[in-house]
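Here's a quick briefing to read with the model open beside you.

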Amino acid sequence: MQEKLAKIFKFGENGTNLRTEVMAGLTTFMGVAYILAVNPNMLAAAGMDKGAVFTATALASAIGTLVMALLTNYPFVLAPGMGLNAYFAYSVVIKMGYSWEMALAAVFIEGIIFIVLSLTNIREAIFNAIPETLRLAISSGIGLFIAMVGLQGAKIVVNDDSTLVTMFKWSTAGNATLGLTVALALLGTVLTGFLLIRGVKGGVLIGILATWFVGILCEVAGFYVPVPKLGLYSLIPDFSHGIHVASLAPTFMKFDFSKGLSFDFATVVFAFLFVDIFDTLGTLTGCAVKAGYIDEDGNLPRIKGALMADAVATTVGACLGTSTTTTFVESSLGISEGGRTGLAGIVMVILFILALFFSPIFLAIPSFATAPALIIVGFLMIQNVTQIDFTDPTEGIPAFLCLAFMPFTYSISEGIGVGFISYTLMNLLAGKKEKVSPLMIIISLLFILKYIFI
């Protein structure tokens, strides 16, 4: 069996083996499992059935990741995107007044457009137009971004009225359990870092499980007290309702195209489309650079398959009943463990399917347990910053802006947008027109128009 898998997934060519790929798949899944809890809660705010959204989330993630593995042999995971689900629920439905059925219709149309674009060379051309400096900056910026996701998810970094963000203060926490989770996240980060130093295989996954296990011990001992209104839930899986799969019926194919020809609806579709395009391209760039997939010409082999997987996942996800499904930056977790082939993706697919039946286990994984993994992988990804030529302002300034905007705006696409605009302007103003392709200029103009009108 191992020899057959090695041949199918080309272990030799990718310098990997069965154990490494399985561990990479487990690690990535553990890092992305939070979406199974977060996405249903997010879309429930829009009036959708939470159980149906959970099933849709797991199935859309499994299907998208499977298509990615089969079309590209890359270890990338797909799931309903954070940020896009918030836009779906809070902007399109709650603020703009569309029904969630109309919002799903917009996501479906976006997916169809993506499929058409993926059959052409448009999205591939956009990827290939990204200069080497911006690719390195995107990869490094994503490192800062996912570290920020981890820090905020564990409440190590919190909101502050005067400084916008600040570090958690135990003296003013107001809840002992909250302080305990921050301490566990920090200890988990130290443990994961130590395992990395020692070269322990599966160190990131071990860090997640160990942090979670210590949290369970604290709950059993009475030190950790669940407080749902603070986002502190029980860490012990609850099987009191037995093993079952929630029905998709409340959300399956529930589309409303009644306002499909209106300008506002077109704006919503474009917003989904624009953010998803550049979130996906940014994630593919960052993870591909980290995994060493970029060829000598600066291109990503089999990128058309990767983009098609993303488009199919979005379309199928909308049919099932969830917001835009896209490639996740948490793919870098498995890559950091040595995952290089689609077998890691197949492992994730199996786990997503199992999650349908054993949802209490995966829903019990707290954000403070996955935070150490995100922080350490952020460190691993930012190492690409050393390859950027900061002595050349036309290269260094756009790279810096791209780096800074991702964590500070909490958006990969915003960082890419500022990076594109500044790179184009800096080089045109410096008289280095040969460094800026016509496509770079067009994309930069589109970003400017997006900031003006959306």
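Which side chain meets Asp-392 in a salt bridge? That would be Lys-432, at 3.6 Å from N to O. Keep in mind that this is a predicted model: local features need pLDDT of at least 70, side-chain atom pairs count only at pLDDT 80 or more, and totals for chains, interfaces and linings use all residues. Residues are numbered from 1 along each chain as its sequence is written, and side-chain values use heavy atoms, with hydrogens and water left out.

**Salt bridges**

- The structure has three salt bridges, a term that here means a side-chain nitrogen of Lys or Arg within 4 Å of a carboxyl oxygen of Asp or Glu.
- Back to Asp-392 and Lys-432, which meet at 3.6 Å: the pair ties together distant parts of the chain, 40 residues apart, with Asp-392 in the loop between helix 17 (367-382) and helix 18 (393-409) and Lys-432 in the loop between helix 19 (412-429) and helix 20 (438-453).
- Helices here are DSSP runs (H or I, at least four residues), numbered from the N terminus.
- Asp-392 counts as buried at 17% relative accessibility, while Lys-432 is partly exposed at 27%; the cut-offs are under 20% relative accessible area for buried, over 50% for exposed and in between for partly exposed (1.4 Å probe, protein chains only).
- Glu-395 and Lys-435 also meet in a salt bridge, at 2.5 Å from N to O. This pair again links distant parts of the chain, 40 residues apart: Glu-395 sits in helix 18 and Lys-435 in the loop between helix 19 and helix 20.
- Glu-395 is buried at 10% relative accessibility, whereas Lys-435 is partly exposed at 24%.
- Lys-450 and Glu-414 form a salt bridge too, with their closest N and O atoms 3.3 Å apart. Here helix 20 supplies Lys-450 and helix 19 supplies Glu-414, distant parts of the chain 36 residues apart.

**Nonpolar cores**

- The largest nonpolar core has 103 residues, and Phe-29, Leu-36 and Phe-278 touch the most other members. A core is a set of buried Ala, Val, Leu, Ile, Met, Phe, Trp, Tyr and Cys residues joined through side-chain atoms within 4.5 Å.
- Helix 12 (residues 263-291) gives this core its largest share, ten residues.
- Another core, of 24 residues, lies apart from it, and its members include Val-93, Ala-105, Ala-106 and Ala-318.
- Beyond its neighbours within four places in sequence, Phe-29 is in contact (heavy atoms within 4.5 Å) with Leu-36, Met-348, Leu-351, Phe-352, Ala-355 and Phe-362.

**Aromatic pairs**

- There are 14 aromatic pairs, counted when the ring centres of Phe, Tyr and Trp (its six-membered ring) lie within 6.5 Å; planes under 30 degrees apart are stacked, over 60 edge-to-face and the rest tilted.
- Tyr-74 and Phe-76 make a tilted pair, 5.3 Å centre to centre with 40 degrees between the planes. Both are buried, Tyr-74 at 1% relative accessibility and Phe-76 at 0%.
- Phe-168 and Trp-170 are edge-to-face, because their planes are at 90 degrees, with centres 5.2 Å apart. Phe-168 is buried at 9%, but Trp-170 is partly exposed at 44%.
- Tyr-74 and Phe-76 also belong to one aromatic cluster with Tyr-293.

- Ala-313 sits in helix 13 (residues 303-320) and is buried at 1% relative accessibility.
- Skipping neighbours within four places in sequence, Ala-313 is in contact with Gly-64, Leu-78 and Thr-325.
- Thr-20 is part of helix 3 (residues 18-32) and is buried, with a relative accessible area of 7%.
- Not counting residues up to four places away in sequence, Thr-20 touches Lys-201, Glu-337, Gly-338 and Gly-339.

Key. Helices (H or I, at least four residues) and strands (E, at least two) are DSSP runs, numbered from the N terminus.
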